[in-house]
Amino acid sequence: GEYWIVDPVEKRVDQFVGQTNAKGENKLMRVAELNCNDQISSKILEDFTVPVRAFFEPGARGIALEMMR
């Protein structure tokens, strides 16, 4: 699995992916800590990238949605 934790106070997104270790235990591994100047790309959905600012700025959200069409 993949998880994005959005922190509206810090305006940050932490990206995690689930991995199974040698013991067969499922662990979440942080793969990125991103701010408004970054873009986040899904590790699962091919070619799915969103500017982090789209989570926090209404104008950027509309632009990001238009890019997905």
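**Briefing: two loop residues and Ser 41**

Asp 47 lies in the loop that runs between strands β4 (39-41) and β5 (49-51); strands here are DSSP runs (E) of at least two residues, numbered from the N terminus. The model is predicted: local features need pLDDT of at least 70, side-chain atom pairs count only at pLDDT 80 or more, and totals for chains, interfaces and linings use all residues. Residue numbers start from 1 along each chain as its sequence is written, and side-chain values use heavy atoms, with hydrogens and water left out.

**Positive phi angles**

- Most residues other than glycine have a negative phi.
- Asp 47, which is not a glycine, has a positive phi of about 65 degrees.
- With a relative accessible area of 75%, Asp 47 is exposed (over 50%; buried is under 20% and partly exposed is in between, with a 1.4 Å probe and protein chains only).
- Lys 11 also has a positive phi, near 50 degrees.
- The loop between β1 (2-7) and β2 (12-20) holds Lys 11.
- Lys 11 counts as partly exposed, at 40% relative accessibility.

**Surroundings of Ser 41**

- Ser 41 belongs to strand β4 and is partly exposed, with a relative accessible area of 31%.
- Beyond its neighbours within four places in sequence, Ser 41 is in contact with Glu 2, Trp 4, Gln 15, Phe 48 and Thr 49, where contact means heavy atoms within 4.5 Å.
- The side chains of Ser 41 and Thr 49 are joined by a polar contact of 2.8 Å (a pair of N or O atoms within 3.5 Å; within protein, one must be able to donate a hydrogen and the other to accept it, and residues adjacent in sequence count only if both atoms are side-chain atoms).
- Ser 41 and Pro 51 are 10 residues apart in sequence, and their C-alpha atoms are 8.8 Å apart in space.

Methods:
Helix = DSSP H or I, 4+ residues; strand = E, 2+ residues; numbered from the N terminus.
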